[in-house]
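Hello,

Here is the structure I promised to hand over.

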Amino acid sequence: MAAETFRLQKVLETFRSSLSENKEVYVKYYIAGWQELVTFMNSLGSVFSFISKDVVSKIQIIENFLSGENGSHYATIQSMVTYELENDLVDLTKRGSHPESGCRTLLRLHRALHWLELFLERLRTSTEDSKTSVMCSDAYNESLAQHHPWLIRKAVGMAFCALPGRDTFFEVMNAGDHTQVVALLGESLPLIAEVYQITEDLYANNNLLELP
Ligand code: 1PW
């Protein structure tokens, strides 16, 4: 169990802080947003631990870049992409001397953010008899699954089956009653979607969407 309690409000706040005035994405807050989501996954029980472990290790890789000697180049996703590309720090076609570049690591989180966005949108518009496992796997099949090999898809599918029900999800979000959670989701989702789209366009313009 996580020591810290999750609050949906904090996710909203970190993603809000991640957007600069000229629509660049601050890596520090993007990662902080993910950190919150890890706390969320951990509150859902141990079935999610293999998923959150991978996310945690990716957060760590990016944090190491941020606190390293070239950290200033990692201030925004935009500056990271420019810096890594200009300095040949990205394996573009197959994994070689830069297997864990900031660009490829963040791309994994970026793809997962799309899943999260689709899932939270389903949760927001769900009804009492909607099943979290179905919402989660529909969102997954529409997004992240295309990037995962069979074995991972199987394991992820199994984790979904063990998910708690809709009421527990709403409770874990820790943002008041159902109506309040739905309202907060309605406020958070456009922000998450905007951060996602900015990153998607940046990666697309630089041909980085298929980094190995
Ligand atoms: C209920 C809210 C949950 C939202 C969190 C979504 C996180 C999804 C992460 C799935 C991870 C499954 C296990 C790890 C798979 C890795 O192989 C994969 N990582 C991701 C984040 O997709 C790809 O990373 P890799 O192997 O290319 O380093």
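Predicted model: local features only at pLDDT ≥ 70, side-chain atom pairs only at ≥ 80, totals over all residues.

Residues are numbered from 1 along each chain as its sequence is written.

The ligand has 13 residues around it, and Ile51, Asp54, Arg108, Ala112 and Leu116 come nearest (a residue is near if its C-beta atom, placed from the backbone, lies within 6 Å of the molecule). Two or more residues of this shell are given by each of helix 2 (27-43), helix 3 (49-67), helix 5 (102-124) and helix 7 (150-161). Helices here are DSSP runs (H or I, at least four residues; strands are E, at least two), numbered from the N terminus. Helix 5 provides the largest share, five residues. By class, the shell holds 10 nonpolar, no polar and three charged residues (Ala, Val, Leu, Ile, Met, Phe, Trp, Tyr, Cys and Pro are nonpolar, Asp, Glu, Lys and Arg charged, the others, Gly among them, polar).

Helix 3 and helix 5 also pack together, at an angle of about 145 degrees and with axes 10 Å apart (lines fitted to C-alpha atoms over the stretch in contact, angles running from 0 to 180 degrees between N-to-C directions).

Finally, an unreviewed UniProt entry annotates residues 26-174 as "domain: Glycolipid transfer protein"; such annotations may be inferred rather than shown by experiment. That stretch is 67% helix and 0% strand, and its end C-alpha atoms are 26 Å apart.

Best wishes
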